[in-house]
Amino acid sequence: MIDIKALLDFDTRHIWHPYTSMKDPLPVYPVKEAKGVWLYLYDGKRLIDGMASWWAVIHGYNHPVLNQAICKQVERMSHVMFGGITHEPAVSLARRLLEITPRPLDRIFFADSGSVSVEVALKMAIQYWTSKGKGEKKRFLTVLKGYHGDTFGAMSVCDPINGMHELFTHVLPQHLFAPEPPPLSAGDFKEEHIEPLREIAERHRHEIAAVIIEPVVQGAGGMRFYSPAYLKRLRELCDSYDLLLIFDEIATGFGRTGELFASYLAGVSPDIMCVGKALTGGYMTFGATLTTEEVALTISEGKPGVFMHGPTFMGNPLACAVSLASIQLLFSYDWKGKVKKMEEIMRRELSKCADVKGVNEVRVLGSIGVVEMMDVVDVAQIQKMFVEKGVWIRPFGKLIYIMPPYVIEEDELVTLCNAIFDIVRSISAEKY
Ligand SMILES: *Cc1c(COP(=O)(O)O)cnc(C)c1O
């Protein structure tokens with residue numbers, strides 16, 4: 001028998017959780033196991049997971065197909081160095097990823113997490129221009145409200161004020177920030193929406209290596225949706241000012257927006273693209289940075305003739321095997337129809353929240369549902385209320401949002417939405 005109290009006590013005293021205090025930590029819920037959309041707690045309670053463990057677990061937990069892929073690979077080899085060695089899982093995954101991502105992407109670097117794939121993307125852009133004899137092109141242009149990860153390079157292109165990294169702004173390289181794209185609710189794209197960015201791009205083109213942006217959905221920086229037409233124009237601007245374009249599809253990749261990748265919503269291809277999160281079906285940490293032949297060859301033709309990155313666990317065979325199985329699983333059923341259905345259900349069910357006092361906006365795109373409140377919510381209190389209702393939803397800031405696994409059934413999704421409606425009403429009754 002596991003002593004849950006002792007386990008939680010030790011956790012509270014010694015273990016850091018994401019963005020938490022060691023002095024006054026928020027409560028954590030011990031999960032014993034998980035299956036499909038369900039998280040099972042030690043006290044016998046089970047919760048419908050609305051978060052897919054932060055976008056990642058698209059097929060649900062403990063999926064027999066993914067389990068089998070990873071078990072088979074464990075029996076062959078769990079890991080082998082990627083320096084001077086290759087293996088079938090890496091090659092098969094690369095082949096498949098290059099087939100399903102936008103066409104000009106033709107070369108791939110396997111990274112060990114989303115943040116690292118962003119670091120790799122930034123380094124690729126800098127090495128590209130250095131190889132071309134334009135070492136002065138070493139800054140990045142991005143938009144406010146973005147999120148690209150927690151490592152130093154990634155932090156430097158996150159929202160500098162609203163972001164999670166304000167504390168580090170003074171030690172980060174100073175990059176360029178344009179206003180965030182207007183929300184989808186602002187109506188059709190107009191040139192004036194991108195004019196501030198265009199102006200910065202033109203003025204600083206000599207020192208900008210690339211524009212980095214999350215296509216269509218800005219995730220952890222505010223759960224915002226913007227017009228795909230913005231990206232079409234952004235691609236033109238990058239071409240005319242000689243800037244590379246980096247799409248961070250770590251959150252949006254693998255169907256979340258209703259298209260396989262958000263770049264397909266816009267019909268636009270980047271020069272460099274990052275994937276992570278749902279890449280492994282949420283089984284383990286992994287990421288990849290894809291680029292074009294032109295970028296890859298240019299880097300390789302310059303000094304020192306190689307791309308300067310190579311993590312210890314690069315191309316981990318377990319991660320490659322489970323990623324390939326996850327992609328095959330996604331293509332084995334009508335995932336697009338499923339995401340569309342989830343979108344319809346969330347639109348119908350969450351729209352009830354829009355009339356509640358204290359709610360600023362309700363928005364749904366693909367399998368992402370967001371209720372934005374007027375004020376910051378009390379995470380610990382609300383989390384507890386959600387758990388009591390049998391759902392796992394973790395709000396942050398003013399945002400109560402869900403992006404469940406695609407295997408969720410209609411009644412389960414309705415339960416999630418109803419839980420949000422109930423909680424929003426009770427916050428409203430208390431505060432407004
Ligand atoms: C989560 C996320 C990252 C960082 O990925 P990690 O695996 O947490 O390092 C980067 N960019 C976007 C858009 C993300 O959503």
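Student: Where is Leu141 found, and why is Leu141 called buried or exposed?

Tutor: Leu141 is found in strand 5 (residues 139-143), where strands (E, at least two residues) and helices (H or I, at least four) are DSSP runs numbered from the N terminus. Buried means under 20% relative accessible area, exposed over 50%, and partly exposed in between, with a 1.4 Å probe and protein chains only. Leu141 has 0% relative accessibility and therefore counts as buried. This is a predicted model, in which local features need pLDDT of at least 70 and side-chain atom pairs count only at pLDDT 80 or more, while totals for chains, interfaces and linings use all residues. Residues are numbered from 1 along each chain as its sequence is written, and side-chain values use heavy atoms, with hydrogens and water left out.

Student: Which residues is Leu141 in contact with, leaving aside neighbours within four places in sequence?

Tutor: Contact means heavy atoms within 4.5 Å. With those neighbours within four places left aside, Leu141 is in contact with Leu176, Phe177, Ala178, Leu197, Ile200, Ala201, Ile208, Ala210, Val211 and Ile212. As for Val371, its C-alpha lies 29 Å from that of Leu141, and the two are 230 residues apart in sequence.

Student: What makes a set of residues a nonpolar core, and which residues have the most contacts inside the largest one?

Tutor: A nonpolar core is a set of buried Ala, Val, Leu, Ile, Met, Phe, Trp, Tyr and Cys residues joined through side-chain atoms within 4.5 Å. The largest such core has 130 residues, and Leu97, Ile246, Phe254 and Ile420 have the most contacts inside it. Helix 14 (residues 410-431) gives the largest share of this core, 10 residues.

Student: Why is this core said to lie between domain 1 and domain 2?

Tutor: Domain bounds come from an automatic or database domain assignment, which gives domain 1 (4-62 + 334-431) and domain 2 (76-330). Both domains give residues to this core, so the core lies between them. Apart from this core lies another, of seven residues, including Ala69, Ile70, Leu318 and Val322. Between the two domains, 26 residues of domain 1 are in contact with 29 residues of domain 2. The C-alpha centres of the domains lie 27 Å apart.

Student: Which residues does Ile420 touch, not counting residues up to four places away in sequence?

Tutor: With those residues not counted, Ile420 touches Leu350, Cys353, Val371, Phe386, Ile393, Ile400 and Ile402.

Student: Why is helix 4 called oblique to helix 11?

Tutor: Axes are lines fitted to C-alpha atoms, for helices over the stretch in contact, and angles run from 0 to 180 degrees between N-to-C directions. Angles under 35 degrees count as roughly parallel, over 145 as roughly antiparallel, 65 to 115 as roughly perpendicular, and the rest as oblique. Helix 4 (residues 88-100) and helix 11 (residues 317-331) pack at an angle of about 40°, with their axes 8 Å apart. Helix 4 is therefore oblique to helix 11. Among the residues that make the contact are Leu93 and Leu97 of helix 4 and Leu324 and Ile327 of helix 11.

Student: What is the handedness of the crossing of helix 4 and helix 11?

Tutor: A crossing is left-handed if the near helix is turned anticlockwise from the far one by less than a right angle, and right-handed if clockwise. The crossing of helix 4 and helix 11 is left-handed.

Student: How do you know that helix 5 and helix 10 are oblique to each other?

Tutor: The axes of helix 5 (residues 114-131) and helix 10 (residues 293-301) come within 8 Å and cross at roughly 60°. The two helices are therefore oblique to each other. Their crossing is left-handed. In helix 5, Met124, Gln127, Tyr128 and Ser131 meet Glu294, Val295, Thr298 and Ile299 in helix 10.

Student: Why does Pro311 count as buried, and where does Pro311 lie?

Tutor: Pro311 lies in the loop between helix 10 and helix 11. Its relative accessibility is 17%, so Pro311 counts as buried. Leaving aside neighbours within four places in sequence, Pro311 is in contact with Phe109, Phe110 and Asp112. The place of Pro304 is also in the loop between helix 10 and helix 11, and the peptide bond from Lys303 to Pro304 is cis, with omega near 0°.

Student: What makes Lys145 partly exposed?

Tutor: Lys145 has 24% relative accessibility and therefore counts as partly exposed. Lys145 lies in the loop between strand 5 and helix 6 (152-155), and has a positive phi of about 70° although it is not a glycine.
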